[in-house]
Amino acid sequence: MAPSPPTAYRPRKKRKPEPSTSNGTVTLDGSKTEQPAFPLAAFFWPAKGTNTTQWIILPLTLMLVFLFRWFTGMWPYSGHQKPPMHGDFEAQRHWMELTVNLPVTHWYFHDLEWWGLDYPPLTAYHSWVIGRIGWLVEPEWFRLYLSRGTDEAGLKVFMRATVVVSEFLIYVPAAVLCVRQLVRLHSINTWESSIALTALLMQPATILIDHGHFQYNTVMLGFTLATIASMLAGRPLWSCIFFVGALGFKQMALFYAPTVAAYLAGTCISPRLDIPRLLGIAIVTLASFAVLLLPLMLGTSYDTYRNVPLPSDATLPALLSSLPWQISEKAWHYPYLTQLAQAIHRIFPFARGLFEDKVANLWCAVHTSGLHKLHNYDSALLSRAALGLTLTSITPPCAILFLRPRKELIPYAFATTAWGFFLCSYQVHEKNVLLPLLPMTILLATEGGMKAATRAWVGFANLLACWTVFPLLIKDQLRIPYFVLTGLWAWLVGLPPVSIGAYAIPGEEGGLSLGSKLLHLGTYAAMVAWHVVEAWVEPPENKPDLWVVANVCLGAAGFGLCYLWCLWRLVEGSGLLSDLGLTKRKEEALKRKQ
Amino acid sequence: MADQYPTLLQCAIPATALKVLLWPAYRSTDFEVHRNWLAITHSLPLREWYYEKTSEWTLDYPPFFAYFEWLLSQVAQFADRGMLEVQSLNHDSWQTVHFQRATVIGTELVLLYALHLFVKSSPPSSKKQAHAAALSILLSPGLLIIDHIHFQYNGFLYGILVLSIVLARKPSGLLASGVVFAALLCLKHIYLYLAPAYFVYLLRAYCLGPRSIFKIRFANCIKLGVGIAVVAGLAFGAFVYYDQMQQVFSRLFPFSRGLCHAYWAPNVWAMYSFSDRVLIYAAPFLKLPVNADAVNSVTRGLVGDTSFAVLPDISPRMTFFMTLAAQIPALAKLFFRPTWDNFVATLTLCAYASFLFGWHVHEKAILLVIIPFSLLALKDRRHLGAFRPLAVSGHVSLFPLLFTAMEFPVKVLYTVVWLAVFLLAFDRLAPPSEKPRVFLLDRFSLLYIAVAVPLLVYCSLVHQLVFGAKYEFLPLMFISTYSAVGVVGSWIGFLVVFFTS
């Protein structure tokens, strides 16, 4: 590079030197000059090696990722102008309507048929806050009963803004912190961490579901990131609080619960037994749950005090009568128990089917592909089978993390467990794929995370996940944002179908092994072919869902691979195999090479 | 020399992604204007194009643009035939929207190519700077707001302009540059404002001898004359044949419009109108006569004749002479020192003059100044000093174009990101100047940029909270007066730089 002309710019002080590159954003071409390994790194090139502070790069990155989110929000949302039931947008709006207008005791009892509230209390409080603000802007959007199915342009802007604001208050700071902790753990320089953070925040599936389809997943995912960040920072008590927040916002965070438990329990027994820590974790967790329920209970006591009756059509939750002891309606704690039981009844609807719609998990794939029809079986049997299989799939990662509670293993264990749940458990939605994706994507910020091998796997999971939610996005008229955002992300991180650079690197130089390469490229080819077929060929008349079924089956197979890969990396990283003498220690292998 | 990262193409890809995501965004009546032109050129014979008036948005661009619309309409029929009916006013099926938006993105490739040539043709010592300038034009918030939200084809047109400017860099390209510019004039006649600079430069550098102005190179004169005549003939020949030139010209130059456009463009007349408004309140104390009829005219924002309450009225002729007077010094300097840098500087100054003093100037015309200036902004720190207030004021003045809630964060954040990235990058890349800078100017521009923040907060939030829907003109007036100060300030700064170097 030619010497740059003298400029008047003078850095005020020398910063301490950053750790050298170790994350694979840079490659050397033939003439020994550095080159960005993939386009996203090129965008940060001007900041490389200069003293550009994080105070400039970070706000600019955040503003840009905001723009992509906001632009996606200009497209239709789920259920836009689709009577009678509309969609998730209406559900969220309706929760605001009911929390703002009804007494607290009615929240979990109100009309189940029209998008009854079936999320944990934190979502209810969140809806209440937003509903209150929205009421100030325009009360007509949240009038009880009258506002159902409203789809005004102003309401759309307001609701889209609430998603972005919630995300920027919770998910984005958590992502920044989590990446920082990972970077500190793996000694990666700041420049590369900005790239990893941008890749994480540009994840197409999250943007499409939250800002296109319309949901508030990033709040729950943000709490999860905060949990991981606290674990990495060595603050287990904070991680309990954040994780209760995640669970309290969306019950789907249960996908992560076994990992969290395994890690926290593991840190209490190794390297040595630490009873105070165990007690602390237990107390903080219980206290967090108490705080989570406190507003609901306070509201209940206020309503009891005012003698507000339950809605006339309210049926008492079955849970209440199945309690081992008899409680009288006169008891002081009766209304509180009723509320709790009803909330739990709503949040965990055991009566629903094994899977809903078409989701790329094991059950749906087995059923719809015609391999084995499942509706002949008793639903109790099926749910027991699901439980058994889920337990089988999550036991290995949780056991490893429990025995070896190392910080490096946390993302892998989170991802493996979540994949296990997604593939095998009961009542999974296609949108839940965001849960395993998140811990897998933060791998980009780990050592070598942006080298070809890890980047290829992370990208594979992300792109496949987007592809499996595509049938859902078609319903929401989000085809174009899907192609734009997914294509852009694939291009940014240098992956198929846009670039096959990551697959040109031989296995010995940090690339994938030949088998993985073939599997990946084959899957990508199938995905592209599927899009061509889906767009131009009508499915046969007796099988109208054929394309969706193909999508589900390929998706489930690909996610299975992701599960296995995460599990393998976890096993490898834990060092259990070498301890058991199955493989040689890394150090020994290295020594021999030298 | 290593390549510059990110490359032009690498920047174009995410920019295109953003632009595609903007398809459902707000669009102005210009969308319907262009849809109507597609319909006119597709379904009517050539001789009716400039007479058709079913829609109020009649064809008022020169013939090449009409031919361009005809070409697009050949593809449009595969997207949605409905948009090609003259009668189907305000037709906006999603196919139509997507098609028209896509054509804006597609034709912008001309700009990408022109900028690529610009970087390629720069000397190695200033490649880095040229690359940064090219990126700043490619990612310009002005083009994003005007083309991809408001809806116009400026990316395409400015691409041709940049192409013509870049061609003029080498003596062998001068003829082509002149012909390309002639074609550009036949696409959109707003570029007539730049024509004096082209005329002087081509005259001096191409038609007259390099040593002496008395050695006329007749062969070159003939080549250039024939080239321009062929372009003009291709454009207007058919209309001359049909004997419609008068009608065509009456469509192209409607002089019945007022001095200021509905939103005041940030020019001298905006400051003049603002002073007039202020004088209405001061007049009783100064014992000046007030024209009562005019008190309510400018702020009502109607496109019509503007009359002033206190200050003397302005006629089109006056604006014309003032524009010319402001252009002549720069043209004279270009005539005696016909270098490419002086040519681009003179283009910029011609654009400044016509923007500041012209009749019925649109705020969108500020791109006419910003884009040529960007090519020069990194010449040295003195140029950058003059460019900075223009970059801020020029883009802030475009904000009133978009007034819907959904687009508000788009225009503000995109512009803030662009300003932060490029002002920082330019600051690092601009080489120190040989002459000392005027220190005061820097302080002024910093203060000026800082004022933008409270101004925007007031205009977008505080005003509505305090006054509601009342005094709607106030924010607009503040923005245009604020921007006018910046544009005039950067003009004066640039004049100083140009005439002292």
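1. α5(A) passes α6(A) in a right-handed crossing (right-handed if the near helix is turned clockwise from the far one by less than a right angle, left-handed if anticlockwise). The contact comes from Ala175(A), Val176(A), Val179(A) and Val183(A) on α5(A), and from Ser193(A), Ala196(A), Leu197(A), Leu200(A) and Leu201(A) on α6(A). Contact means C-beta atoms, placed from the backbone, within 7 Å. Eight of these residues are nonpolar, one is polar and none is charged. Ala, Val, Leu, Ile, Met, Phe, Trp, Tyr, Cys and Pro count as nonpolar; Asp, Glu, Lys and Arg as charged; the others, Gly among them, as polar.

2. This is a predicted model: local features need pLDDT of at least 70, side-chain atom pairs count only at pLDDT 80 or more, and totals for chains, interfaces and linings use all residues. Residues are numbered from 1 along each chain as its sequence is written, and chains are lettered from A and ligands numbered from 1 in the order in which they are written.

3. The axes of α5 (residues 153–186) and α6 (residues 190–201) of chain A come within 10 Å and cross at roughly 140 degrees. The two helices are therefore oblique to each other. Angles under 35 degrees count as roughly parallel, over 145 as roughly antiparallel, 65 to 115 as roughly perpendicular, the rest as oblique.

4. In chain A, α18 (residues 452–475) packs on α21 (residues 546–574) at about 155 degrees, axes 10 Å apart. That makes α18(A) roughly antiparallel to α21(A). The crossing of α18(A) past α21(A) is left-handed.

5. On α18(A), the residues that meet α21(A) include Trp457(A), Leu464(A) and Trp467(A). Among their partners on α21(A) are Gly555(A), Gly558(A), Phe559(A) and Trp565(A). This contact divides into nine nonpolar, four polar and no charged residues.

6. Chains A and B each give 32 residues to their contact. On the chain A side, α1 (39–43), α2 (54–72), α5 and α19 (479–492) give two or more residues. α2(A) gives the most, with nine. By class, the chain A side has 28 nonpolar, four polar and no charged residues.

7. Chain A has 23 helices and two strands. Helices are DSSP runs (H or I) of at least four residues, strands (E) of at least two, numbered from the N terminus. The C-alpha trace of chain A spans about 80 × 65 × 60 Å along its principal axes.

Conventions:
Axes are lines fitted to C-alpha atoms, for helices over the stretch in contact, and angles run from 0 to 180 degrees between N-to-C directions. Two residues are in contact if their C-beta atoms, placed from the backbone, lie within 7 Å.
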